[in-house]
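Here is a short note to read beside the model. Keep the sequence and the 3D view open as you go.

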Amino acid sequence: MNSNEEIYQTSYLPYINKWGKITSWLCIVIVYIPTMVLIGIYGAQLPFDATINGIIAILSASFAMYIADPLAVFPVLGTPGLYLTYLSGNSKSIRVPASLMAQDAAGTEQGTPEGNIMSCIGVAISVLISTLVMTVMIFMGKWIIAVLPEKVVEALPMLMPALFGALLGQQFLQRPKLACAAIVLAIVVRIAQVNGIFQILPLGGGYAPMLLCVFGTIAIARGMIKKGWIEK
């Protein structure tokens with residue numbers, strides 16, 4: 001272990017884990033403050049049946065994301081970037097692209113100490129820019145949308161598909177065999193979803209497509225590595 005890697009393992013990561021845990025627990029407490037204010041100060045009531053129904057509805061829609069999202073983005077973001085991402089949100093739409101671009105610009109490899117540090121820098125800068133943009137949009141968003149050409153406004157809903165397409169293109173160039181297999185898997189899962197196959201699962205099966213795509217791609221990648229079709 002060289003000196004830089006030793007510093008990363010013995011000093012940098014412990015520091016990140018310490019403050020990452022502290023800030024994460026603080027955020028969990030802060031998230032519940034509005035609810036506690038409504039109950040304690042304004043006397044809001046939480047009917048048990050409505051609360052349970054709400055929990056079931058949220059879990060059925062988001063359960064897959066809770067499991068699959070960290071597994072899907074961790075190899076790109078690394079530990080520091082993951083802490084920042086789940087404090088600020090927008091993991092796939094903003095943080096992952098920022099991390100990938102930072103690592104690509106620096107010429108570092110994903111999963112290495114150098115890559116994780118560049119990921120942290122990229123995510124941190126994206127958080128600052130997002131905060132600035134959100135602040136501007138809060139005060140000027142309506143005016144900005146009003147002065148934009150109609151064609152630009154009509155194209156805004158296509159920003160997310162275009163972003164994910166660009167990310168897929170970048171990963172396709174790096175691992176074309178795995179990317180092709182992942183695309184085929186996604187198409188099969190989508191066909192099954194459209195035909196209502198997952199509805200037989202508990203809670204409606206809305207979580208199945210994401211879980212199948214993420215864990216299925218992981219399984220395919222492991223199989224390709226064992227066969228020697230792609231490098232580890």
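The points below run from the whole chain to single residues.

1. **Ground rules.** This is a predicted model, in which local features need pLDDT of at least 70 and side-chain atom pairs count only at pLDDT 80 or more, while totals for chains, interfaces and linings use all residues. Residues are numbered from 1 along each chain as its sequence is written, and side-chain values use heavy atoms, with hydrogens and water left out.

2. **The whole chain.** The protein chain has nine helices and zero strands. Helices here are DSSP runs (H or I, at least four residues), strands are E runs of at least two, and both are numbered from the N terminus. The C-alpha trace spans about 60 × 50 × 45 Å along its principal axes. Of the 232 residues, 24% are buried. Buried means under 20% relative accessible area, exposed means over 50%, and partly exposed lies in between (1.4 Å probe, protein chains only).

3. **Contacts along the chain.** A contact means heavy atoms within 4.5 Å. Take the contacts between residues at least 6 apart in sequence: 59% of them join residues at least 24 apart.

4. **The largest pocket.** How much space lies in the largest pocket? About 2,000 Å³. It has 45 lining residues, and the closest to its centre are Ala 72, Val 76, Gln 171, Leu 178 and Thr 217. A pocket is found on a 1 Å grid over the protein atoms alone: it is an open set of points where a 1.4 Å probe fits, with protein on both sides within 12 Å along at least five of seven lines, and lining residues have an atom within 4 Å of a point. Grid points are joined across faces, edges and corners, and the volume is the space filled by probe spheres set on the points.

5. **What lines the pocket.** Five helices each supply at least two lining residues: α3 (48-88), α4 (91-106), α7 (159-174), α8 (176-194) and α9 (208-227). By class, the lining has 25 nonpolar, twelve polar and eight charged residues. Nonpolar covers Ala, Val, Leu, Ile, Met, Phe, Trp, Tyr, Cys and Pro; charged covers Asp, Glu, Lys and Arg; the others, Gly among them, are polar.

6. In soluble globular proteins, nonpolar side chains tend to be buried together. The largest nonpolar core here has ten residues, including Ala 64, Leu 185, Phe 198 and Val 214. Helices α3, α8 and α9 each give two or more residues to this core. Apart from it lies another core of eight residues, among them Val 73, Val 76, Leu 77 and Val 123. A nonpolar core is a set of buried Ala, Val, Leu, Ile, Met, Phe, Trp, Tyr and Cys residues joined through side-chain atoms within 4.5 Å.

7. **Ala 208.** This residue belongs to the largest core and is found in helix α9. Ala 208 is buried, because its relative accessible area is 7%. Leaving aside neighbours within four places in sequence, Ala 208 is in contact with Phe 198 and Leu 201. Ala 208 and Val 189 are 19 residues apart in sequence and 8.8 Å apart, C-alpha to C-alpha.

8. **Thr 85.** Is Thr 85 buried or exposed? Thr 85 is buried, at a relative accessible area of 1%. It is found in helix α3. A polar atom of its side chain lies 2.7 Å from the backbone oxygen of Gly 81. Beyond four places in sequence, Thr 85 is in contact with Leu 77, Ser 91, Arg 95 and Val 123.

9. **Ser 126.** Arg 95 turns up again here. The side chain of Ser 126 makes a polar contact with the side chain of Arg 95, at 2.9 Å. A polar contact is a pair of N or O atoms within 3.5 Å; within protein, one must be able to donate a hydrogen and the other to accept it, and residues adjacent in sequence count only if both atoms are side-chain atoms. Ser 126 sits in helix α5 and is buried at 8% relative accessibility.

10. **Asn 90.** Most residues other than glycine have a negative phi. Asn 90 is not a glycine, yet its phi is positive, about 55°. Asn 90 is in the loop between α3 and α4. It counts as partly exposed, because its relative accessible area is 41%.
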